[in-house]
Amino acid sequence: MPKVLSIILGGGKGTRLYPLTKERSKPAVPFGGKHRIVDIPISNCINSGFKQIYLLTQFNSASLHMHIANAYSFDRFSKGFVEILAAEQTLEHSGWYEGTADAVRKNFVHFKTQQPTHYIILSGDQLYQMDLAAFLDSHIKSGAQISIATTAVTRQDATGFGIMKVDSKNTITAFMEKPAADKDISDWIIPDESRTPGATAGKDYLASMGIYIFDADVLEEALNNDHTDFGKEIIPETLSKYKVQSYIYDGYWEDIGTIRSFYEATLDLTTIKPHFNFYDETHPIYTHIRNLPSSKLNMATMNRATACEGCVITEATITDSVIGIRSIIEKNTQLVGVISMGADYYETEEEKANNLKKGIPNIGIGENTRIRKAIIDKNARIGNNCSIGYSPKPPADGDHGMYYAADGIIVIRKNAIIPDGTII
């Protein structure tokens, strides 16, 4: 039987997701109200029977460490684990991870103790539900030494991806990194034999999803150099040395590495048929189990919205929004297109009284406040009679102190204090 070691790449500084990544790494960013982004690739691995998982990270990893420790504990008979490998100084390596390939290379000393036959390499900031066991089965049956998960994209979208050229048997023959919009790549169109039945018209090019399977010895050979990045250096170089196969995935897949993509993918969860299905019992998304009470709705109106455990929502109107754990939302508040990440704890009555004396709002959203098209990070305090996102002139993109703006989306920072009567 093949022995698969899963490697999840935690990413760099996550500047495109700032300020959500100011105090946490990309994989640790809350998603969907109660999960973290990292739960997606980890759950894909577990649901596929791959329970030996390493997570490589180096930036703001404390929150991620805590989440992994609380969420993933295997019994000793399964021999499963989820272990974080942060950049470390050794006698052989004294610097940071220089890229995705460099991160894997520097951790072979840990990987080899598991004696894997195959490595599967995944990204820590993508949204998808894939049967990775079927991916491995396809890899083995094709006789490939390397397999790359690909998805069909339009010519317009191709400019943002590494594009693969395949033959009629799905063998990858060439690779092109982010082709310019005016470049002629018509000879890179997917062959008819490789097209998925019922494929969307116009999606004529294969883009790399950044998900790879390597035979164990091939990965070691491929990284026996100074290259630092898989997509830009390692993969193009392997095409002339090894048999590299494309595994075409026709399900939903989204890179949620920017504020805009994160916002849109999260709000899509509130639609009648969301692209990402948290309700599939055969492929659950695992996370930290919290012993929280049911949410309490006191005369609240909610439409196309979700509310996680432990919320208290009083006489509020909430539309097209995702409400995270322990969210406290007071009366006469209106939320439209809002992602509330909730809170890490409840305040006591004594703490609330002390806040009142100091003029500090309680954690949550106060009375008579209206918020539109915003992300509210953990433990934010938004006072009474505030208006956020309704100004005729939206704030310019960039840092505005207690909040940040990106692509017309307002992000209220973690632990931010927004006084009564604030207008943004």
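**Salt bridges up close**

A search of the whole structure, which is a predicted model, turns up 15 salt bridges. The views below pick out a few of them, then step back to the chain.

**View 1. Asp125 pairs up with Lys26.** The closest N and O atoms of this salt bridge sit 2.7 Å apart. Asp125 comes from the loop between strand E6 (118-123) and strand E7 (126-128), while Lys26 comes from the loop between strand E1 (4-9) and strand E2 (30-31), so the pair ties together parts that are 99 residues apart in sequence. Are these two partners buried or exposed? Asp125 has a relative accessible area of 7%, so it counts as buried. Lys26 is buried too, with a relative accessible area of 12%.

**View 2. Glu309 meets Lys34 in a salt bridge.** Here the closest N and O atoms are 3.0 Å apart. The pair links distant parts of the chain: Glu309 is in the loop between strand E15 (301-307) and strand E16 (312-314), Lys34 is in the loop between E2 and strand E3 (35-36), and 275 residues separate them. Glu309 is partly exposed, at a relative accessible area of 26%. For Lys34 the relative accessible area is 26% as well, so this residue is also partly exposed.

View 3. Arg105 has 16% relative accessibility, which means it counts as buried. Asp102, at 7% relative accessibility, is buried as well. Zoom out a touch and Lys106 joins in: Asp102, Arg105 and Lys106 are linked in a network of salt bridges.

**View 4. The chain around these pairs.** The protein chain has 10 helices and 27 strands. Its radius of gyration is 23 Å, close to the 22 Å that the globule rule gives for 424 residues, so the chain is as compact as a globular protein of that length. The C-alpha atoms fill a box of roughly 70 × 50 × 40 Å along the principal axes. Of the 424 residues, 52% are buried.

**View 5. Charges and surface.** The protein chain carries 43 positive and 50 negative side chains, and the centres of the two sets lie 4 Å apart.

Notes: Residues are numbered from 1 along each chain as its sequence is written. This is a predicted model: local features need pLDDT of at least 70, side-chain atom pairs count only at pLDDT 80 or more; totals for chains, interfaces and linings use all residues. Side-chain values use heavy atoms; hydrogens and water are left out. Helices (H or I, at least four residues) and strands (E, at least two) are DSSP runs, numbered from the N terminus. The radius of gyration is taken over C-alpha atoms; the globule rule is 2.2 Å times the number of residues to the power 0.38. Buried means under 20% relative accessible area, exposed over 50%, partly exposed in between (1.4 Å probe, protein chains only). Lys and Arg count as positive and Asp and Glu as negative; His and the chain ends are not counted. The place of a charge is taken as NZ of Lys, CZ of Arg, CG of Asp or CD of Glu. A salt bridge is a side-chain nitrogen of Lys or Arg within 4 Å of a carboxyl oxygen of Asp or Glu.
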